Amino acid sequence: MDRVAASSRLWLVVSVPPVITALAWIGTLALTAMTGTHPIWATTASNLAEAAAYRDGGAVVRFVEAGQQIGQPAEVRGGVIQPETTTLTPVEAAAAARDETVVQLLFDLGASPDPAGWHRAFCISDASRVREVLKAHRPLGVVEDCAQQ
């Protein structure tokens, strides 16, 4: 008899945690469906530069399709790239986020930073792959020297 009781207690100890986890996850998914936002990853980009900083290529494309100017500087909230809020162009934000794919996407979508903007983007990133993408789109006469800053 003791063996049967021990076996049923062991079954409860083993099965209860996965059942509770599954119910919690179902509740999370239901909350997501009702509110339209994910309760864990609720932070979304508020503009094109912030989408580039978040490395969210889909949001970058959506903001461009919605008519946001691809070269327009915009505010990037503190904590995304730098501790404080900063104003960057999308190319600068993607370079600061060290994401060469978003930098390339911005150029594919028509970004053409002026020489000063290109230089800031080049110097804000120390990622060699980002710098290679930027070098491929360098405006004439711009020097790659970041010591001037």
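Let me start with Leu-134, which, leaving aside residues up to four places away in sequence, touches Val-91, Ala-95, Val-103, Phe-107, Trp-118, Ala-121 and Phe-122, where contact means heavy atoms within 4.5 Å. Please keep in mind that this is a predicted model, in which local features need pLDDT of at least 70 and side-chain atom pairs count only at pLDDT 80 or more, while totals for chains, interfaces and linings use all residues. Residues are numbered from 1 along each chain as its sequence is written, and side-chain values use heavy atoms, with hydrogens and water left out.

Leu-134 and Leu-106 have the most contacts inside the largest nonpolar core, which has 31 residues; such a core is a set of buried Ala, Val, Leu, Ile, Met, Phe, Trp, Tyr and Cys residues joined through side-chain atoms within 4.5 Å, and buried means under 20% relative accessible area, exposed over 50%, and partly exposed in between, with a 1.4 Å probe and protein chains only. At least two residues of this core come from each of α2 (48-53), α3 (57-65), β1 (74-76), α4 (90-96), α5, α6 and α7 (128-136), with helices (H or I, at least four residues) and strands (E, at least two) being DSSP runs numbered from the N terminus. The largest share, five residues, is supplied by α2.

Turning to the cysteines, a search of the whole structure finds one disulfide, that is, a pair of cysteine sulfur atoms within 2.5 Å, and this one joins Cys-123 to Cys-146 with an S to S distance of 2.1 Å. Because Cys-123 lies in helix α6 and Cys-146 in the segment after α7, the pair ties together parts that are 23 residues apart in sequence. Cys-123 counts as buried at 16% relative accessibility, whereas Cys-146, at 23%, counts as partly exposed.
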